[in-house]
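Here's a quick tour for anyone meeting this structure for the first time. Have a look at the model, then read on.

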Amino acid sequence: MTNLELLDILGGVQGKYILEAQQLRAGSKKPHRLRYMRQLAAVIVLILMLTVFLNTAPGVAAVEYVKEKVTSLIEALFPPKKMTINIEGMEYEGDYVADGVEPEATAEAPQPGFAIYYDVDSYTMVKEGDITYIRPYLKSMTREEVLEIYGDYLSLLSEEERERQIASLMNPQPDPSLPNCEIEIIHLDIPYEQTASQERAELESQWEITEAVAGNRITFSMRNGQEWDSPVEVRDYISDEQGGCFRITSRYYLEAAEGHGARFAAMVDTFAVIPPQEGADSILDDDAP
């Protein structure tokens, strides 16, 4: 982290003063007014002090502290909350937290970020390169927990089958014969209408597509087959208001439409674009989803 980046994070010093201070130190500009002279002198002193401070152990610790505060932007804007989802006619309340990708405010190519709420009791978020996934959380259980929850069902099985089922429930694994159940989020540097148009031409050969448009979002609801395990995808193309878009793909199979499908839809509805950090103040004035 450079001196200028730290000053920008800490605030309280206008960017033009910092630039003028640099020019003054380089001998390329002279102040025109006494007030500017005092302000620039103060900035120069602050920069010199920071240069020395950042090379000390407390300075390094301070930089790490600032980094930690910056990366908590999503947590500050989108605090945990409870959400109620209707699944097969029944309401389920869960604890939801927001996570995502922080915006980048670099001068060369500012990149927007995003936040999305997910059910922490049933799902986990993982980041693989530039792609973010939300996947079912397969929680391990002790033998006692399995017997307490599934005791009535297990009592109907033979001893051999009961032990097999207990072992399976204690260490659950995804069924490789079924389509993946997950949400995939990726940022693309082309407008959402263009992305949707290009991808629809490729998808029509293998999917039955229903398209919906709402505001700055295009949604493809896609299905391949009528069997219980037929794959289903829902793709949302959402403008990032910076000339690009986010593509959110929800994957599951037909029988899971009322389970994972309903939960995925509720989570995607909380998706929010976070502009580069110079716009963070305006976000704080708005209501988070």
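## Before you start

This is a predicted model, where local features need pLDDT of at least 70, side-chain atom pairs count only at pLDDT 80 or more, and totals for chains, interfaces and linings use all residues. Residues are numbered from 1 along each chain as its sequence is written, and side-chain values use heavy atoms, leaving out hydrogens and water.

## The sheet

Seven strands make an open, antiparallel sheet, in the order β4-β5-β6-β10-β9-β8-β7. Strands here are DSSP runs (E, at least two residues), as helices are (H or I, at least four), numbered from the N terminus; two strands pair if DSSP finds at least two bridges between them. At the edges sit β4 (123-128) and β7 (208-214), each pairing on one side only.

β7 pairs with β8 (residues 217-223) in the antiparallel sense over seven bridges. Glu208 stands opposite Arg223 in β8.

## Helices across it

Helix α8 (residues 192-203) lies across β6, β7, β8, β9 and β10, at about 155° to β9. Contact means heavy atoms within 4.5 Å. Angles run from 0 to 180 degrees between N-to-C directions, with axes fitted to C-alpha atoms (for helices, over the stretch in contact).

Helix α9 (residues 257-268) lies across β4, β5, β6, β8, β9 and β10, running at about 165° to β10.

## One more residue

Finally, take Tyr153, found in helix α6 (residues 143-154). Tyr153 is partly exposed, with a relative accessible area of 41% (buried is under 20%, exposed over 50%, partly exposed in between, using a 1.4 Å probe and protein chains only).
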